[in-house]
Amino acid sequence: MPELPEVETIRTALQDGERGGLSVLERTIKGSRLLWERTLAAPSRRVFQRRIRGQLIRDIRRRGKYLLFQLSADTLVVHLRMSGDLRTESEGAPLPAHCRLVLQLDGGLRLCFTDARKFGRIWLTAEPTEIVGGLGLEPLEPGFTARLLQRLLENQRRRIKPLLLDQAFIAGLGNIYTDEALNLARVHPLRSANTLSPAETASLCRSIRHVLRKGIRYGGTSFDWAYRGGDYQRYLRVYHRASLPCRRCRAPIERTVVAQRGTYFCPVCQGAPHDGR
Ligand SMILES: [Zn+2]
């Protein structure tokens, strides 16, 4: 499932034309083909097809796990969810498997949204804040500081892992990078958020930024068929490493379930769940 580093990798590829593709910036959308009705969250197919035609792609931004294409009049908002992906292709190529939406661009190019599991959603809107306005802190922005995190955690009795997964608290973290950041910060995933010491909070803040930046540097994590190209899985500390030795202390990594998600941690480095140090 794409998290912040995977979404950022796709954003960069579309913007800069990496992986042999061409940039979609400054291209006009000539038309669209919707191949799976529910991919389009809003507006209706008819309104979407009429409104998007003729708009220019001016910019691509990311907010949490969402991509926002700034068009001449509207914003195209894309959430990849479980298996969504976006890639550019030349007009004449056969459509890729699981293609749900095609945008025909000028210059013989098209932008394809593929999504094997069909959970991805796309909106065309003049008011993107209606979709992304409820998202929490952006962890790679300068405003995400240890001091701010400390103040927010003090008021939170929730356990730290479900809190970090809550997109209204921090935007962009999913199961992989949350487990990695908690391990790097030596914090047990079941600790109550308000029991973290200032030193632990500062370490967690640094660790979140570190694992996300490193994830981006390696083009994201390729764990399953859903994502392509990334290399960060080679550097994972705990995720999918149950019973393998901890990279710091050599104790076997354990797997448990937290908030219905498989959760990996080192029982030695990350202490006990109620260890209020
Ligand atoms: Zn360890």
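**Entry 1: Terms and model**

I count two strands as paired if DSSP finds at least two bridges between them. Helices (H or I, at least four residues) and strands (E, at least two) are DSSP runs, numbered from the N terminus. The model is a predicted one, in which local features need pLDDT of at least 70 and side-chain atom pairs count only at pLDDT 80 or more, while totals for chains, interfaces and linings use all residues. Residue numbers start from 1 along each chain as its sequence is written.

**Entry 2: The whole protein**

I looked up the overall content and found 7 helices and 11 strands in the protein. The radius of gyration (over C-alpha atoms) is 20 Å, close to the 19 Å that the globule rule gives for 277 residues, so the protein is as compact as a globular protein of that length. That rule is 2.2 Å times the number of residues to the power 0.38. Along the principal axes, the C-alpha atoms fill a box of roughly 60 × 35 × 30 Å.

I then looked up burial. A residue is buried if 20 or more other C-beta atoms, placed from the backbone, lie within 10 Å of its own, exposed if 12 or fewer do, and partly exposed in between. Of the 277 residues, 38% count as buried.

For contacts, the C-beta atoms of two residues, placed from the backbone, must lie within 7 Å. Among contacts between residues at least 6 apart in sequence, 62% join residues at least 24 apart.

I traced an open sheet of 5 strands in the order 2-9-5-4-3, and its pairing is mixed. Strand 2 (40–42) and strand 3 (57–63) stand at the edges; each has a single partner strand, so one side of each is left without a neighbour in the sheet. On average, neighbouring strands of this sheet are turned by 20° against each other, direction ignored. Such angles use axes fitted to C-alpha atoms (for helices over the stretch in contact) and run from 0 to 180 degrees between N-to-C directions.

Strand 2 runs parallel to strand 9 (residues 121–125), and 2 bridges join them. Leu40 has Ile122 of strand 9 as its bridge partner. I also noted that helix 1 packs on this sheet and touches strand 3 and strand 4 (66–71); the direction of helix 1 makes about 170° with that of strand 3.

Arg63 is bridged to Tyr66 in strand 4. The hairpin of strand 3 and strand 4 has 2 residues between the strands, and Gly64 there takes a positive phi near 60°.

Is strand 4 mostly covered or mostly open? It is mostly covered, as 5 of its 6 residues are buried. Strand 4 also pairs with strand 5 (residues 75–79) in the antiparallel sense, over 5 bridges. Tyr66 stands opposite His79 in strand 5. I found that strand 4 and strand 5 form a hairpin with 3 residues between them.

I next traced an open sheet of 4 strands with the order 1-7-8-6 and antiparallel pairing. Strand 1 and strand 6 (84–90) are its edge strands, each pairing on one side only. From one strand to the next, the twist averages 20°. Strand 1 pairs with strand 7 (residues 99–105) in the antiparallel sense over 5 bridges. In this pair, Ile29 stands opposite Leu105 of strand 7.

**Entry 3: Gly21**

Where is Gly21 placed? I located Gly21 in the loop between helix 1 (4–16) and strand 1 (29–34). Because 16 other C-beta atoms lie within 10 Å, Gly21 is partly exposed. With its neighbours within four places in sequence left aside, Gly21 is in contact with Ala13, Arg87 and Thr88. I also looked up Val78, which is 57 residues from Gly21 along the chain; their C-alpha atoms are separated by 19 Å.

**Entry 4: The two domains**

Finally, I looked up the division of the protein into domain 1 (4–132) and domain 2 (146–265), with bounds that come from an automatic or database domain assignment. The C-alpha centres of the two domains lie 29 Å apart. I noted that 11 residues of domain 1 are in contact with 16 residues of domain 2. On the side of domain 1 that touches domain 2, helix 1 gives the most, with 5 residues. The residues of that side divide into 3 nonpolar, 3 polar and 5 charged. Here Ala, Val, Leu, Ile, Met, Phe, Trp, Tyr, Cys and Pro count as nonpolar, Asp, Glu, Lys and Arg as charged, and the others, Gly among them, as polar.
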